[in-house]
Amino acid sequence: MIDRPFDVFGIGNAMVDILAFVDDAVISDLKLNRGTMTLMSSKQQADVLQRIEGHSVKLASGGSAANTMIAISQSGGSGYYTGKVSHDPHGEFYRKDMKSSGIGFEVPLAPENGIPTGSCVVLTTSDAERTMCTHLGVSATLSAGDVHVDHLQTCKFAYIEGYLWDADEPRAACLEAMRHAKKLGIPVAFTFSDPFLIDRFAGDFAAMTAEFCDILFCNADEARQFCQSDSLEACGSYLGRNVPLVFLTNSEDGCYVIEQGKSTHVQGFRVNAIDTVGAGDAFAGGTLFGLARGWASAQAARWGNFLASRVVSINGPRLPTSLRDQMKNVLGG
């Protein structure tokens, strides 16, 4: 077996998150699809920002896979992240934030040519539901040529977010990373990311996961939509027929681990949730960290559940500090 010094090679849309708490009227006034992500032009996103003028906002370097990579680092793991940002203030903020988090981020900054670094306005309501308004910006130009194979081959797992599927060049980058990982014998993990992607790409996802994926992450809503079934048991069975290892999360109820067709429930942690953004990303990060350590899949999922429970207890998509000192208590032994 090849000894790979790093844990995970992640690839995703590099986005600066603009986080704000709002009341339900804002979602209604903007005619947004509550609880999902909407792709927008820069003008449409500017209208959203104008509507929340006067609200307190916070910036964070984000994107689904980036949040997952941070959770891996905070667990004590390592890896490289591939995403595209511009040579602008948001891009510099993003690059410095990722590097300070301990994750390798070496994709060159795109030149200033009018295409800004991508950004996502995350509107969180009092029930902890988050509605996202995303302008992809330069992240939509991520290409197969940006996939650093020399970095990929040093990692134990490849992790790819479904959001990349929405534009041609990033989709090609996804497939390039998957093909190289398969050639190198590196397990490929994929996340569905959002129900709206399943609306558009269910057929693509079915074919791609069957061909390339060793590990699949999805939540209950995504699973039900993809499998066209209200039964999570039936969804798990269906997904497990095509992918060797599936992690199906179900909010505070924890998750189901479907491994080689056998389903195991892993209990969640009950907390007072104030903001669900980043929960699935933290779960994937904690779980991948555990798998990279050789933990049993259910044990890895328990650590993922714990990180997700901590993230939903705060405002924002990631934890401010590492929780490694709690690992022994969470896992036992």
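**Note on salt bridges and helix packing**

1. Arg34 and Asp127 form a salt bridge whose closest N and O atoms are 2.4 Å apart; the term denotes a side-chain nitrogen of Lys or Arg within 4 Å of a carboxyl oxygen of Asp or Glu. This pair links distant parts of the chain, 93 residues apart: Arg34 lies in the loop between α1 and β3 (37-39), and Asp127 in the loop between β6 (118-124) and β7 (130-135). Helices (H or I, at least four residues) and strands (E, at least two) are DSSP runs, numbered from the N terminus. Arg34 counts as partly exposed at 35% relative accessibility, and Asp127 is likewise partly exposed, with a relative accessible area of 46%. Here buried means under 20% relative accessible area, exposed over 50%, and partly exposed in between (1.4 Å probe, protein chains only).

2. The model is predicted, so that local features need pLDDT of at least 70 and side-chain atom pairs count only at pLDDT 80 or more, while totals for chains, interfaces and linings use all residues. Residues are numbered from 1 along each chain as its sequence is written, and side-chain values use heavy atoms, with hydrogens and water left out.

3. By the salt-bridge rule, the count comes to 13. One of these pairs is Asp7 with Arg293, whose side chains meet at 3.0 Å, N to O. Because Asp7 lies in strand β1 (residues 6-11) and Arg293 in the loop between α10 (279-292) and α11 (297-311), the pair ties together parts that are 286 residues apart in sequence. Asp7 is buried, with a relative accessible area of 2%, whereas Arg293 is partly exposed, at 36%. Salt bridges that share partners join Asp7, Lys156 and Arg293 into one network.

4. A further salt bridge is that of Asp29 with Arg51, where the closest N and O atoms are 2.8 Å apart. Asp29 belongs to helix α1 (residues 24-29) and Arg51 to helix α2 (residues 42-51), so this pair ties together parts that are 22 residues apart in sequence. Asp29 is partly exposed at 47% relative accessibility, and Arg51 is partly exposed at 32%.

5. Two packed helices are described by the angle between their axes and the distance between the axes. Axes are lines fitted to C-alpha atoms, for helices over the stretch in contact, and angles run from 0 to 180 degrees between N-to-C directions. Helix α7 (residues 195-212) packs against helix α8 (residues 220-227) at an angle of about 50 degrees, with the axes 10 Å apart. The two are therefore oblique, given that angles under 35 degrees count as roughly parallel, over 145 as roughly antiparallel, 65 to 115 as roughly perpendicular and the rest as oblique. On the α7 side, Pro195, Ile198, Asp199, Ala202, Phe205 and Ala206 meet Asp221, Glu222, Gln225 and Phe226 of α8, contact meaning heavy atoms within 4.5 Å. By class, this contact has six nonpolar, one polar and three charged residues; Ala, Val, Leu, Ile, Met, Phe, Trp, Tyr, Cys and Pro count as nonpolar, Asp, Glu, Lys and Arg as charged, and the others, Gly among them, as polar.

6. Helix α6 (residues 168-184) and α7 have axes that come within 11 Å and cross at roughly 15 degrees; these helices are therefore roughly parallel to each other. Their contact is made by Arg171, Leu175, Met178, Arg179 and Lys182 of α6 and by Phe201, Met208, Glu211 and Phe212 of α7. By class, the contact of α6 with α7 has five nonpolar, no polar and four charged residues.
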